[in-house]
Amino acid sequence: MTETDQPMPVVPDDGELLRVFQEERDAAVVLRAVGEVDMVTSLLLAEHLTRVEAEIVPPAPILLDLTAVTFLDSAGLTVLVDHHQRCADLGSALQIVADHRAVLRTLELTGLDALLTVFPRVPEAQG
Amino acid sequence: MGGQHPGSGPVVDIGGRSADELSLHGVKASAEELPPVRKLLRLWATEAGLPRDEVEDLVLATDEAMANVVDHAYPDGAGSFDLDAVCGLTGQIVITVTDFGRWHAPVMSPEQSLRGRGLQLMKGLAHDVEIETLVTGTRVRMTFS
């Protein structure tokens, strides 16, 4: 797994708060977020999603692996909802991967577990 | 506020403050300030003896209150807010986030501004949420038990 060579722009000094790694799985793209998603770093997450949406060949999905995200607030939720819709509009799908409280409880409290597609783990590559 | 209660156990110093009270006053109302404040609050709540899940609930709810200040309290420029956290003898924790802004007044009330998922999270995570409009600004008070 290699870190994407995209710059870490937008806001200075977000340091190691959030890092995003990219991996290809067949036609699908896996974005793996590590750290905290808040009103600063959600901008970085949105940038990565926007970039991958421009590259993805539908109907291949974008998998957003949040299993290493330790904090997710409403700014992050807004990014998830926006890009869930964008991916659907493209004929792709945003599939969220999470199996832990920091993400699942936040989705439940806001009712977004009913809207978003969440898997407990990243599926194995086919073939 | 809070202070030290007899029988509340050993007092742990966090940056010169007792473990049962955390006061961060004059915090710049800026998104970049929130991660270090969350870190301090997480440390304080852990030292206060809260289980890990409750620490995270408290940190998230407080983050939402602070994010609202950053987003809405000072539409015309820079400002600051105060964060106070007090742990009572029974283990009840009260968090207050106080700003000195106008919340787009009179166009937008704090209730309208604290809308959507942020408020949903605060109400879901805290036992009680009160939003008080002061002459000087707005105070959000959350109780965790």
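Reading from the N terminus, chain A goes β-β-β-α-β-α-β-α-β. That gives chain A three helices and six strands. Before I go on, a reminder that what you see is a predicted model.

Two more numbers on chain A. It has 127 residues, and 39% of them are buried. If you take the contacts in chain A with a separation of 6 or more, 69% of them are between residues 24 or more positions apart.

Now the place where the two chains meet. Here 16 residues of chain A are in contact with 18 residues of chain B. On the chain A side, α2 (74-90) and α3 (101-109) each supply at least two residues. Which element of chain A gives the most to that side? The answer is α3(A), with four residues. Sorted by class, the side of chain A that touches chain B has eight nonpolar, five charged and three polar residues.

As a general point, the strands of a sheet pair through backbone hydrogen bonds, and the pairing can be parallel or antiparallel.

Let me go through two of the pairings. Strand β3 of chain B, residues 93-99, pairs with β5(B) over seven bridges, in the antiparallel sense. In that pair, Asp99(B) stands opposite Thr138(B) of β5(B). On to β4(B) and β5(B), where β5 covers residues 138-144: these two strands are also antiparallel, and they pair over six bridges. One bridge to look for joins Val129(B) to its partner Met142(B) in β5(B). Together β4(B) and β5(B) form a hairpin, with four residues between them.

Is β4(B) enclosed, or does it lie in the open? Strand β4(B) runs over residues 128-133, and of its six residues the number buried is zero, so it lies largely in the open.

At 1.5 Å a residue, α2(B) should span 32 Å, and its end C-alpha atoms are 31 Å apart, which agrees.

What does α2(B) pack against?

Next is α1(B), residues 34-47. This helix has 14 residues and reaches 20 Å from its first C-alpha to its last, close to the 20 Å expected. Just after α1(B) comes Gly49(B), with a positive phi of about 100 degrees. On the α1(B) side the contact includes Leu34(B), Arg38(B), Leu41(B) and Ala45(B), and on the α2(B) side it includes Val55(B), Leu58(B), Val59(B) and Thr62(B). Look at the spacing of those numbers with one general rule in mind: an α-helix has 3.6 residues a turn, so residues three or four places apart point the same way. By class, the contact of α1(B) with α2(B) has nine nonpolar, two polar and three charged residues.

Which residues of α1(B) are buried? They are Leu34(B), Pro35(B), Arg38(B), Leu41(B), Trp44(B) and Ala45(B). These buried residues pack against β1 (21-28), α2 and β2 (80-87) of chain B, and also against β3 (28-37) of chain A.

From α4(B) the contact takes Gly118(B), Leu121(B), Met122(B) and Leu125(B), which meet residues of α2(B) including Asp57(B), Leu60(B), Ala61(B) and Glu64(B). The residues of this contact divide into seven nonpolar, two polar and two charged.

That is the end of my part.

Methods:
Residues are numbered from 1 along each chain as its sequence is written. Chains are lettered from A and ligands numbered from 1 in the order in which they are written. This is a predicted model: local features need pLDDT of at least 70, side-chain atom pairs count only at pLDDT 80 or more; totals for chains, interfaces and linings use all residues. Two residues are in contact if their C-beta atoms, placed from the backbone, lie within 7 Å. Ala, Val, Leu, Ile, Met, Phe, Trp, Tyr, Cys and Pro count as nonpolar, Asp, Glu, Lys and Arg as charged, and the others, Gly among them, as polar. A residue is buried if 20 or more other C-beta atoms lie within 10 Å of its own, exposed if 12 or fewer, and partly exposed in between; C-beta atoms are placed from the backbone. Two strands pair if DSSP finds at least two bridges between them. The expected span of a helix is 1.5 Å times one less than its number of residues.
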